[in-house]
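User: I would like to go through this structure term by term, with each label set against its cut-off. Please take my questions in turn.

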Amino acid sequence: MYKIDKDNLPELFKFLTKNGTDVFAPVRKGNQVNFESFTDEVASTLDLDTLKTVRSPKDFVLPQVEHLFDATIENKQIKLETSPLADKPYVIFGVRPCDVKGIEVLDNVYLKDPVDKFYQARRAQGVIISLACTNPQQTCFCKSFNIDAANPQGDIAIWLINDSLNWKSLTDKGANLTTQVKHLLQESSDIDEVEACQKDIQLKIDALPYSRGLPLDKFTPDKLLEIFNDARWDELSKACIACGTCTFICPTCQCYDVKDYDAGKKVKRYRCWDSCMYSDFTLMAHGNSRNTQKERFRQRYMHKLVYHPDKHHGEFSCVGCGRCVNKCPSSLNIVKVIKSFEVDN
Amino acid sequence: MQELMKAKAQEMLSNGSVTRVLAWKKGDFETNPEPAFFTKHVDDMVYNQYCATNLSNFMVGVEKEEGKTLVFLKPCDTFSFNQLLKENRISRDKAYIIGVGCEGVKVIDEMQETGALLEKCNVCTKIKHMVYDELIGEDVTRRVTDDPLTRFKDIEAIEKMDAGERFAFWQGEFSKCIRCNACRNACPPCGCKKCVFDNDNYDTAQKANVTTFEEQMFHIIRAYHVAGRCTDCGECTRVCPQDIPLHLLNRKFIKDINALYGEFQAGADIETLGPLTDFNIDQDAEPSIVYDRG
C-alpha cells in the first residue's frame, strides 16, 4: 500500500502527462462534475468529493462517436482506409466501483468473440484507478448487484481518508503504473485506517433506501416471454418522453448505430451511440420492429435485466449507479421498473 | 390542496365525466413524483413542490384517444396549453382543466432538495391561469418577482459580451451537449411529428455529437423554430442532464420580439396572432423597416 496527499495529485498527473500518458479525472464545471482531460487549468477544479460524474467513464472505452474508416474510389476500385487504433496510454482516475463494473459489463460484450478491435485497443491502453465511495447517495443501489462500494476494483484502488489517498494496486497494469510514479508516493501500512473506512462505507450503504433488496430474482431468462408480455409495461412507459438521457448517461448502455457520411469525394463511416428510446433504433429496410414507445422502453429494461443475463451467465447489465434515477426528466428509472415486478400477476 | 384535487379527480372518474386523469403519481421517494394517467383510482396521486413536469405536453399524446382528460395545470403550464391549442395540436373540448396553485418548484439532486427553486420560478410572473374550467388552491400562488424584466438580466449580461466572449460562452455550453434530445422532447412547441434531426436520410445522425458545429446547429435551429411560440416554460433547462442554460436562447428571442414587435407573451390567449405569423405588409415587409422603427 501507498499514500499520497490529495494536494499532490496534480503533481502526479503532471508527471504522467509529461511522460505521454493522458489523465482523465473528475473536474467540476459549474454545477456539474465530469471526467475531463487533466491540464494545469483544471488542477484547481479537481473534484473527488462529488460521488457521481454526469457522464460515465464509458466515454473513454466506447466514445459517443468513433470514426471507423474512409472509403474512396480510385480506378474503379474501392479503397478502404481504416482509422488507426488507439495507441496512447491513459489513466482514468477516480472511477467509482459501480462504474468499474460497468466497464467489465462492456468488456463482456466487446472483448468476446467477435472482438471489437477499436474497443480492444482502447481498453488495452487504459489504466483504471478506482475510488471507494466514502459518501454513497440516496439513489445508489450497487449492492443489489453485489458490487462492494468499499472495495473498488480496477487496476488501482484508492480510499480517500482525511485528504490523503490510500493507494493499492490490484493488477499488473496497476503495478506498472505504481512503479512509474513510486517517487511521488509514500509507503504506507495503514491497513486499519482503510479497514475502518471500508466498514463505515458498508454501514452507509446498508442504510440506503435502495439497499433493502430489489426483487431482481423476478428477472430470470426462463421467464423471458412472461415478462415481455406483461401488461405492466403499458403503465410503466406512459410517462417516457422518448429522450435518450438514461441511455447516454448509463455506464453500461452499449448499443451503437453505424452511419456513412458523404464527405464529397469519400465516404466516412462512423459509429455513434444509439438509444433504444429513439424512433430510428434498429430501423431496417422493412421498417421498425418497435413502433411504440412502450416497446422501446421495454427493450431497455429487457436488455439489462433479461437478455444480457441470459447471454452472460446471469450478469445483469445494470450496476446500480443511480444516474437514471437522478436524471430522468419524468422521474422514471430502472428501480421503479424492478420494484413494479415484485408482485406476480 | 392535494386532497381536494384527489377528491375531485376520483369524483369525475367515478361518475364518468372524464375517461382519465393526467396528474402526478407518488414516486419511491417523496421527491420524485412522475407524470401519470389515472383511469380508475387516484390513491397514488400527489401534488407538491416536486411536481415539476409541464403536463400540457402530455395532452398531445392523448389527443387521439377516446374520451375526455382531466388535467391539472400550474399557472405557467396553462400558457403551454393555450399555445398547443392555438396550433391545433390539442382540442379544448377533450380536456377538463383544473388550474392548481403553485408555490414554485424545488430543485432536487440525488432525491434531496438543493434549497433552490427552478430558474423559471425565481423570475416567475405567470401567476394567473390562462385557461381552466375550475381552480383549486389558486390563492397559494405567489409572485416571486415584481419586476417582469428580472428574467432578462442574464440576457443583458450576455448581450454585453463581445462577439468572441459570447461565442466562447455558447461553445462552452453547447460542447456539453450529449444529444439526448430531452430538451426537444420535453418542449411543448417543439412538436414536429418528424423532427428534421430525426431524418435518417441525413448522414449526420441526430444522436451523434460529431462536431461542435452540429451541436450548435441543433440548439440554434430549435430556438429559431420555437421563436414566438415559446412560452418560457423552462422545461428545456430543467430536463437537460448536462445543465445547459437553454432557456437563455429562447429568452433572447422573447426579449427581441418584445422590442421589435411590442410586448408579446405566447400562450396568453388563443386569438392573438404570433408576432412572427402576423404579417403586415406596410410595417413588417422588410427587416430593415422593423429595425429602423426600433
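User: What makes A:Arg298 count as lying over the face of A:Phe228?

Analyst: The model is a predicted one, in which local features need pLDDT of at least 70, side-chain atom pairs count only at pLDDT 80 or more, and totals for chains, interfaces and linings use all residues. Residues are numbered from 1 along each chain as its sequence is written, chains are lettered from A and ligands numbered from 1 in the order in which they are written, and side-chain values use heavy atoms, with hydrogens and water left out. A charge sits over a ring if NZ of Lys or CZ of Arg is within 6 Å of the ring centre and within 35 degrees of the ring normal. A:Arg298 lies over the face of A:Phe228 at 3.6 Å from the ring centre, and in chain B the charged end of B:Lys126 sits over the ring of B:Phe79, 5.5 Å from its centre.

User: Why is the pair of A:Phe24 and A:Tyr90 called edge-to-face?

Analyst: Rings of Phe, Tyr and Trp (its six-membered ring) pair if their centres lie within 6.5 Å, and planes under 30 degrees apart count as stacked, over 60 as edge-to-face and the rest as tilted. The structure holds 23 aromatic pairs over all chains. For A:Phe24 and A:Tyr90 the centres are 6.2 Å apart and the planes stand at 70°, so the pair is edge-to-face. A:Phe24 belongs to strand 2 (residues 22–29) of chain A and A:Tyr90 to strand 6 (residues 90–95) of chain A, 66 residues apart, where helices (H or I, at least four residues) and strands (E, at least two) are DSSP runs numbered from the N terminus. Both A:Phe24 and A:Tyr90 are buried.

User: Which parts of chain B does the pair of B:Tyr224 and B:Phe253 tie together?

Analyst: B:Tyr224 and B:Phe253 form an edge-to-face pair, with 4.8 Å from centre to centre and 70° between the planes. B:Tyr224 lies in helix 8 (residues 212–226) of chain B and B:Phe253 in helix 10 (residues 247–261) of chain B, so the pair ties together parts that are 29 residues apart in sequence.

User: How do you know whether B:Tyr224 is buried or exposed?

Analyst: Buried means under 20% relative accessible area, exposed over 50%, and partly exposed in between (1.4 Å probe, protein chains only). B:Tyr224 has 58% relative accessibility, so B:Tyr224 counts as exposed. A:Leu80, in strand 5 (residues 77–82) of chain A, is likewise exposed, with a relative accessible area of 52%.

User: What makes A:Ala242 stand out in its backbone, and is A:Ala242 buried or exposed?

Analyst: Phi of A:Ala242 is near 65°, a positive value in a residue other than glycine. A:Ala242 has its place in the loop between helix 8 (232–237) and helix 9 (245–249) of chain A, and its relative accessibility of 18% means that A:Ala242 counts as buried. A:Thr282 also has a positive phi, near 55°, but with a relative accessible area of 33% A:Thr282 is partly exposed.

User: Why is the contact between A:Lys14 and A:Asp40 called a salt bridge?

Analyst: A salt bridge is a side-chain nitrogen of Lys or Arg within 4 Å of a carboxyl oxygen of Asp or Glu. The closest N and O atoms of A:Lys14 and A:Asp40 are 3.8 Å apart, so the pair meets that cut-off. The two residues are 26 residues apart, with A:Lys14 in helix 1 (residues 9–18) of chain A and A:Asp40 in the loop between strand 3 and helix 2 (58–61) of chain A. At 38% relative accessibility, A:Lys14 counts as partly exposed.

User: Where in chain B do B:Arg151 and B:Asp232 lie?

Analyst: The side chains of B:Arg151 and B:Asp232 meet in a salt bridge at 2.6 Å, N to O. B:Arg151 is in the loop between strand 8 (134–136) and helix 5 (153–160) of chain B, while B:Asp232 is in the loop between helix 8 and helix 9 (235–239) of chain B, 81 residues apart. Both B:Arg151 and B:Asp232 are buried.

User: Why do strand 3 and strand 10 of chain A stand at the edges?

Analyst: An open sheet of eight strands in chain A has the order 3-2-6-7-8-9-1-10, with mixed pairing. Strand 3 (32–37) and strand 10 (186–187) of chain A each have a single partner strand, so one side of each is left without a neighbour in the sheet. Two strands pair if DSSP finds at least two bridges between them, and strand 1 (residues 2–5) of chain A pairs with strand 10 of chain A in the antiparallel sense over two bridges.
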